[in-house]
Amino acid sequence: MTSASPEISISLGADVEVIDVHQHIGPRGRMLGEDRQFDFAATIASHTEMMSRYGIDKAVAIASHSSVSNDDQGRSANDIVAQACEQHPELFLAGVGTVDPVFGERGGVSEIKRCCEQLGMRGMAWHARFQGTFLDAPPMQAYVRASVELGLPVFLHAIGESKLEAIWRVTSLARAFPDGRFVVLDAFTSVDNCDWIVAHAGELPNVWFDTGAISATGKIVERFVERHGAARVVFGTTFYGAPDSYAYPAPLFEIAASSITASDREAILSGNARELLGLSKTTPKES
């Protein structure tokens with residue numbers, strides 16, 4: 001497979017599968033301060049164009065944490081993900097839902113169960129800086145407990161500068177729920193986050209780290225793999241279904257240009273994600 005932009009061309013090999021675990025789909029009212037109706041068709045077209053351009057084979061569709069929803073624990077945001085996965089399996093390998101923490105435990109847990117049992121979600125995700133709570137607040141602990149009991153991986157954003165989703169809050173949840181599986185999204189967004197993770201990831205065997213919004217300095221992928229191995233890094237790009245998400249998926253080029261082995265590269269780009277989500281491996285891609 002060859003990934004290319006007008007300025008960059010990097011070859012990963014024809015048989016290398018690329019799975020992006022960090023793509024969002026849904027309205028972005030909280031992020032952009034707008035109330036335009038969500039355009040499903042235009043969003044699908046945007047995902048299709050970006051993935052085709054850079055050779056990303058499949059993606060995990062994560063519900064929007066930026067939708068302004070007063071309906072019922074964000075059911076509409078989860079329905080959009082389910083619709084995308086059902087109608088576009090050529091793009092989306094799995095769906096991940098969300099529940100707005102402000103709606104409380106009872107309704108939120110019910111929606112988590114609906115996501116798992118009716119919509120076929122493969123995980124649940126939260127973005128505290130957009131959803132108005134601390135990552136380890138009491139409602140979040142209730143939601144994490146429900147997700148873990150259902151066997152769902154928990155995806156938690158940890159933007160470096162956000163105190164609401166500080167990396168130490170992730171570790172509190174991971175240690176409180178040792179049987180759970182946690183994926184830290186945007187884990188490598190700051191030098192402090194990167195240094196902390198490289199130093200302490202070995203203490204968190206139930207935590208995986210995605211490459212979305214990765215810091216461009218410090219060769220973090222190489223440092224992590226050298227110290228902890230490649231099994232708990234997953235490729236993600238933070239694409240939000242719009243041209244303004246980024247000019248090109250920097251994490252893909254960071255991984256491709258790193259000095260890690262081919263087998264570690266393939267694990268990060270797809271193998272780890274399939275294992276984490278309980279998805280069978282595919283046959284090698286045709287060149």
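Modeller: Buried means under 20% relative accessible area, exposed over 50%, and partly exposed in between, with a 1.4 Å probe and protein chains only. This is a predicted model, in which local features need pLDDT of at least 70, side-chain atom pairs count only at pLDDT 80 or more, and totals for chains, interfaces and linings use all residues. Residues are numbered from 1 along each chain as its sequence is written, and side-chain values use heavy atoms, with hydrogens and water left out.

Colleague: Phe239 and Tyr246, then: buried or exposed?

Modeller: Both Phe239 and Tyr246 are buried.

Colleague: How many aromatic pairs does the structure hold?

Modeller: There are eight aromatic pairs. Rings of Phe, Tyr and Trp (its six-membered ring) pair if their centres lie within 6.5 Å; planes under 30 degrees apart count as stacked, over 60 as edge-to-face and the rest as tilted.

Colleague: Why is the pair of Trp126 and Tyr143 called stacked?

Modeller: The ring centres of Trp126 and Tyr143 are 5.9 Å apart and the planes are at 15 degrees, so this pair is stacked. Trp126 belongs to strand S6 (residues 123–126) and Tyr143 to helix H6 (residues 138–149), so the pair ties together parts 17 residues apart in sequence. Helices (H or I, at least four residues) and strands (E, at least two) are DSSP runs, numbered from the N terminus. Trp126 and Tyr143 are both buried. Phe239 and Tyr246 form a tilted pair, with 5.4 Å centre to centre and 55 degrees between the planes.

Colleague: Which residues do ring pairs link into a cluster?

Modeller: Tyr54, Tyr248 and Phe253 are linked in that way.

Colleague: Changing topic, which residues touch the most other members of the largest nonpolar core?

Modeller: That core has 71 residues, and Ile25, Phe92, Trp126, Leu156, Phe182, Phe188 and Phe209 touch the most other members. A nonpolar core is a set of buried Ala, Val, Leu, Ile, Met, Phe, Trp, Tyr and Cys residues joined through side-chain atoms within 4.5 Å. A second, separate core of 16 residues includes Ile19, Ile62, Phe155 and Trp208.

Colleague: And how much of the protein is buried?

Modeller: Of the 287 residues, 56% are buried. The protein has 11 helices and 10 strands.

Colleague: Why does Glu226 count as exposed?

Modeller: Glu226 counts as exposed because its relative accessibility is 71%. Glu226 is placed in helix H9 (residues 220–228). The C-alpha atoms of Glu226 and Ile260 are separated by 8.3 Å, although these residues are 34 residues apart along the chain.
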